[in-house]
Structure formats: structure tokens, C-alpha cells
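Me: I am new to this entry and should like to understand the terms applied to it. Please set each value against its definition.

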Amino acid sequence: MKISAAFIALFVALAANGASAQLANIESEKVFELHGSGTTNPQRFFWKVMDILEERAANPIKLTYRGVGSSTGQKDFQADENHFGAGDIPFKEANHTLISTTNGKPFFHIPFQLGAIGIFHSVPDSAGKKVELDACTLAKIFSRTIKYWDHEDIKKLNPTLNIPANQAIKVATRTKGSSSTSLTSQYLDLLAGANSQECPGAWSLKTTDGTKTYGSVIDWPTDVEKVEGSSGMSSYLGKNEWAIGYVDAGHGWEKNLKEVELKNKNGKWVTSKTAEIAKAGTSVDLPDNLASWHGVSLMNAAGDTTFPICTFSYMYIHKNQPDGESARLLEAFATFVLSDEGQGMLEDFGFVKLATDTLTKSRAALASVNWGTSTAWEFETATGLDKDGNAIAGAGGSGPNGLKVFSVKRGAWGDYERGVIKSDLEKLATRVATLEGHHEEPVPWYEDPQNQIDSALALGSLAFILGFIGTVLGGVALTRIKRATGGKYSSNIV
């Protein structure tokens, strides 16, 4: 039996069309976008989550977060200039009412982590390695009532400090609207303000509008140094001896800043690193998800090991989302942040995961958002199924290789290499610390040449690794450029 050439051609054409249709299910015609802004404190955590999601998605997606401070993030959210906001302070009740009731856009405060604001200093080690300051003394320092480190109040709390006479205190504060400023001033007002039992009136500074004695923008004395962002604060403290300022604890730890020990409610001296931050999160009753959270405060909770300046960090998310892909991408991002994997990452950034009850409440709020009619994203685990053991459907029935699926089986070489580099650097740091321990007293090279050789090898290894890091980061940047040019980014938030 002969088969005509025309029949064969038709069969090939149909097969090709079928293959094209199959491939069309796993190819995206556009880039999906998500943009947020707000507090600088969790920005590195957010960036990491966004990086992971971009690597695990088959779709070309773009997620960004601008660390601009809590107050600016709230303004952006209120003006609909971002898909979501984030902050370390709740919205004021009036603003919550304006957005939810007047503007008809109810929204959730969704806690996603616990953090602390630490008071950090740059007193030289030669003067002493421990500085203890209570709220009354700190209030006087930030108010500029106390201007010198050898003031009697400071010496009384730190009798072993070796402070030069008339050594000036350089005070650094945040510029613009900052949750760090709001929380620090709230702490000082609570314990040293007009209603203080120990030192009433030691703190009397007010917000720039003159209405309150705590807030995100304080009318500071003219002789304080105003810095922008957490990085600006850590940079100032790193470059100026005898200075003092405040910054989120995780950032301070990362930059190896020296932290002031504060007296907690039980009279114990603690730093944010020696205290149990998580305990503050269980000290308050939380309101309904859609209600105003303006009265929620974790400040100065009781307990021997609690830290006095703690806070939730919140995502601000509208209950009714516009129908579109950005809404579903926001759902996926927030779901990952509240997942066991996301919560497990927080410690690497100096934050504390939510207690079980709070996490359950946050997940319930997320589940009650109206996300629109587009297909939700799915998360493929190492088993090839989702976390509940269900098969991955994929958009349009495309399966785990299809669109709108985040898969742990996808990744990026650059991320793997960064993990290797991090491990190598940790080993090298241990090696260098060991070598430094061998040199507590200066030893001439000709007396112990082996140690000199070891040190040279360690420094040479460090130089090689740093050079390799530059090469990898360059490769990652090129990969991102290549990925970005695969689609056209929209010019508007959708």
C-alpha cells in the first residue's frame, strides 16, 4: 500500500501544530510584575524572597521592593503607588479610617516577623567594651540635655568606663519618616516622658507637627546628625567614634556594631542579641484582621529576658485586589513569606519568626483576600507535589513544567555559587580567627615563620575568593539582563 507524499506532509504538519500548542502552554507572552515599598528593616529578606521566586518560576517575572522607610511606604500605599506596603508601625487610626472607610478600600495589617530596635554606640574598646544606659539617661542624651560621655549619670551606670574629660557625645538620628524613630521615641516617651515614674519630663521632644511626643519624624535639636536609612546610620557609627544612634537590631548585628545594654521592665540589663525577642510577640492581644492596629504595641513587655523595644513588621495588603496577574503574584509572594521556608529564613537576617498563633492569624488574613479571577500560582516541592500532596496542575493544565508554577527543582547557578562562597568564607573566617589567637602578642616573622606562611596563605585565599565573588556576581548580573530582555516590562503597575 502506497502512502501519498501529501498525506505524509499533512501528518507532519498536524504533529508540528500539536507540539506548538503544547509548547505554547509553557511560554509566556509578557512579564508579570510586583512592586512594593516601605520599611528598610526587612528589605534584605524581601529581596532574597523575590530572588528565589524569580529563579523558581518558568514565567518571566519581575519583583521589586524599595526600602524607603515605614512612613513613606504607608504614603505610597495610601496613594496606590505600590502593590503592597510594609512597615514596622501600624497605620494611625485616622489614616486607617480614611483608606478603609472613606476611600472604600479595606486592608489588612499582616504581621510577618518580629524585630527589635537596638541602641548602638561607637565608644572605643580602649574606654570599655560594655555600655549600660537606662531610658532616663538615653532620653537626656537624645534630647541633648546630656552632651558628654563623662556626665555623672553615665558614669554612675558605667563606673568602669575610662572616659576622657569632656568627651562629646555625637548623636545620630534618622531623617524623613522612620519606624525606627517612631519606636525609639515611643520607648523614651513611655519610660521618660511626662508620665514617667522615674524621671518625668526627661523626654519632651515632639513630632515636627508639635502634636505628639513620639512618632516617625521628631523635631530633633539642631546639633544632632541626621542620616538616611539604616545603612546611613550604620555608616555614621562606623566612621565616628564616641557616637550613639538607633537602628534595627539585625542590621546592627550584620555591621558588627556595638550595642548599648538597656534595662528591661524586670530591671535586667539586656541587648537585642542576649534577650528573647519572641517573648514580646506573645505579650499582647491582637485585633481583628481588618480593624485598626494603631493600639498594638510590644513596648517594654515584662520578663527577665524580654527586650524593651520590639515590634511586628507588617505587610499592608488590600482586601479586594484588582483583577490581574500582579495580584496573584502578590498572593504568591506573601504566601512564601508566611510559609515554613520563608519564616525559617528570618534568623539569617536578624529577625524572629512569628509565634504559632500569630502566624495562623496572618495566614487566615491572607486567605480571606479577594485575589481576582486569574489562575493562582502553585508551589512544587521536592516531592514533585505541592505541600499538601496534590499534583501540580499548572496554568491551563500545563503541569509542573508549565506557567505559574514555582518549583524548588529550578534554580540559578549564581545562587548555588554564592552558597559555596558563603561556606568558604565562614571556614576562612574560622581559620583567620585561629591564626589571630596564635598572635596575642606581636611575634617577629623570623621567630615564627610558619605562622607567617599560614597568614600569607589565608590572606591569599581571601583575595582569590573575593576576586571569584566579583566574577560570579558579574555573571549573575549578565544572567538577569538576559532574562529581562526575554520579555517587555510594562510601564505601568497593573
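Me: How many disulfides does the structure hold?

Reply: The structure holds 1 disulfide. This is a predicted model, in which local features need pLDDT of at least 70 and side-chain atom pairs count only at pLDDT 80 or more, while totals for chains, interfaces and linings use all residues. Residues are numbered from 1 along each chain as its sequence is written, and side-chain values use heavy atoms, with hydrogens and water left out.

Me: What makes the link of Cys 136 and Cys 199 a disulfide?

Reply: A disulfide is a pair of cysteine sulfur atoms within 2.5 Å. The S to S distance between Cys 136 and Cys 199 is 1.9 Å, so the pair meets the definition. The link is left-handed, with -90° about the S-S bond. Cys 136 belongs to helix H5 (residues 135–142), and Cys 199 to the loop between helix H7 (179–192) and strand S6 (225–227); the two are 63 residues apart and link distant parts of the chain. Helices (H or I, at least four residues) and strands (E, at least two) are DSSP runs, numbered from the N terminus.

Me: Why is Thr 40 called buried?

Reply: Buried means under 20% relative accessible area, exposed means over 50%, and partly exposed lies in between, with a 1.4 Å probe and protein chains only. Thr 40 has a relative accessible area of 9%, and is therefore buried. Thr 40 is found in the loop between S1 and helix H2 (43–56).

Me: What joins the side chains of Thr 40 and Ser 230?

Reply: A polar contact of 3.0 Å joins them. The term denotes a pair of N or O atoms within 3.5 Å; within protein, one must be able to donate a hydrogen and the other to accept it, and residues adjacent in sequence count only if both atoms are side-chain atoms.

Me: Why are Cys 310 and Met 345 also called buried?

Reply: Cys 310 has a relative accessible area of 2% and is therefore buried. Met 345 has 12%, so this residue is buried too. Met 345 lies in helix H11 (residues 340–345). Leaving out residues up to four places away in sequence, Met 345 touches Phe 45, Lys 48, Val 49, Ile 52 and Phe 336, where contact means heavy atoms within 4.5 Å.

Me: How do you know that H2 is largely enclosed by the rest of the structure?

Reply: Of the 14 residues of H2, 12 are buried, and therefore the helix is largely enclosed. Among them are Phe 45, Phe 46, Asp 51 and Glu 54.

Me: What span should H2 have?

Reply: The expected span of a helix is 1.5 Å times one less than its number of residues. For the 14 residues of H2 this gives 20 Å, and the end C-alpha atoms are 20 Å apart, so the two agree.

Me: Which strands pair with S3?

Reply: Two strands pair if DSSP finds at least two bridges between them. Strand S1 (residues 32–38) is joined to S3 by 3 bridges, and the two run parallel. S3 and strand S11 (residues 310–318) also have 3 bridges, in the antiparallel sense. Gly 36 stands opposite Phe 84 in S3, and Gly 87 has Tyr 314 in S11 as its bridge partner.
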